[in-house]
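Work through the exercises below with the sequence and the coordinates open. Each task is followed by a stepwise solution.

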Amino acid sequence: QCVEAGGDDFVTKPISRVQLNAKIDSWLRTRELYRTVLAQRDVLQRHQDRLEREQETAERIVARATRSNDLEAPGLRYAYQPAAILSGDILLADRRPNGNLLVLIGDFTGHGIGAAVGVPGLATAFYERVSRGAHPAELLDDINARLYQSLPVDMFLTAALVEVDLRHAQVGVWNAGMPPVWLLQAGGTVAARFHSSDVPLGVLPDSAQGRRQLEYVAAPMGGHLYACSDGIVEAMDDTGMQY
C-alpha cells in the first residue's frame with residue numbers, strides 16, 4: 001500500500017540500523033541517478049534545439065537556392081515532401097534562351113543535412129548554365145565535373161533531366177539512377193519509358209565531353225510525362241508492400 005500510494009520504499013519496525021543504512025545509500029544513489037538523468041535531458045534538449053535551428057536555417061538556404069518561377073509553369077505540377085526537415089531530393093526548372101523548359105529531378109545519397117549540403121551549389125550551377133544557353137549535354141558535363149570535385153567519395157547524385165520542346169512537340173529525357181520516367185498518351189497508354197542508362201553524377205570524371213545526350217521522342221497531344229525519386233517507388237501501403 002505504501003508503494004501504491006507513491007512511496008519508493010519503506011522500513012518496518014523494529015528498525016534494523018544495517019538495513020536502514022543500506023536503504024538510505026540506495027535512495028541516495030537513486031537521487032543522484034535522477035539528477036544525472038535530468039541534467040543529461042537538459043543537455044540533449046539544448047542540443048536538439050540548436051540542431052533544429054540549424055536545420056531551419058539550412059532549409060531556408062536550400063529553398064532560396066532552388067526556387068524558380070518556372071516550377072509554376074503551365075502544365076507543370078509537382079509534389080515535394082522530404083522525409084525530414086532536409087533531404088537530398090532536388091527539383092529545379094528553368095527555361096533555355098530558346099524557350100525550351102528544362103527540369104532536373106535528383107536525389108543525393110544520404111539523408112538530412114549531409115545529403116542537402118550539395119543542393120545550393122548544384123542549383124547555382126544549373127540556373128547559371130541554363131541562363132547562358134548551355135546545351136543539356138554541356139550542362140550535365142559541368143554539373144558532373146563540379147560534383148566530382150566537391151563531393152566525398154561516398155556521395156553522388158542520381159538524376160533525370162527533362163527538356164520540353166513545345167515548338168517541335170517533343171520531349172527529351174536523360175536518366176541516371178532514377179526510377180523510370182514514363183510518357184503516357186492521353187488515354188493512359190505508355191508512349192515511352194526512359195530507364196536509367198548512365199552513371200549518376202559525381203561518380204566518375206568525364207572521359208568524353210558531351211556524351212550525356214537526352215533521348216527525344218514526339219510528345220503526344222494531351223499526354224503526360226511522369227518522373228519521381230525512389231521516395232515514391234519505395235513507399236509502402238498499409239500492407240507493407242512497396243509501390
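A surface patch is built from residues with over 30% relative accessible area and no salt bridge, and nonpolar side chains are joined within 5 Å. The model is predicted.

**Exercise 1.** Find which residues make the nonpolar surface patch of about 390 Å², and classify Leu28 as buried, partly exposed or exposed.

Solution. 
1. The patch consists of Val11, Ile15, Ile24, Trp27 and Leu28.
2. Leu28 belongs to helix α1, which covers residues 17–66.
3. Buried means under 20% relative accessible area and exposed means over 50%.
4. Leu28 has 38% relative accessibility, so Leu28 is partly exposed.

**Exercise 2.** Describe the largest nonpolar core and state which residues touch the most other members.

Solution. 
1. This core has 26 residues, and Phe108, Phe126 and Leu161 touch the most other members.
2. Two or more residues each come from β1 (89–95), β2 (101–108), α3 (119–131), α4 (136–150), β3 (157–165) and β4 (170–176).
3. The most, 6 residues, come from α3.
4. Beyond four places in sequence, Phe126 touches Leu92, Ala93, Asp94, Leu102, Leu104, Leu139 and Leu161.
5. A separate core of 16 residues includes Ala73, Val173, Met178 and Leu183.

Note on methods: Residues numbered from 1 in each chain as written. Predicted model: local features only at pLDDT ≥ 70, side-chain atom pairs only at ≥ 80, totals over all residues. Heavy atoms only, no water. Core = buried A, V, L, I, M, F, W, Y, C linked by side-chain atoms within 4.5 Å. Buried < 20%, exposed > 50% of the residue type's maximum accessible area, 1.4 Å probe, protein only. Helix = DSSP H or I, 4+ residues; strand = E, 2+ residues; numbered from the N terminus. Contact = heavy atoms within 4.5 Å. Patch = residues over 30% accessible without salt bridge, like charges linked within 9 Å, V, L, I, M, F, W, Y side chains within 5 Å. Areas by Shrake-Rupley, 256 points an atom, 1.4 Å probe, with all protein chains shown as cover. Salt bridge = Lys/Arg side-chain N within 4 Å of Asp/Glu carboxyl O.
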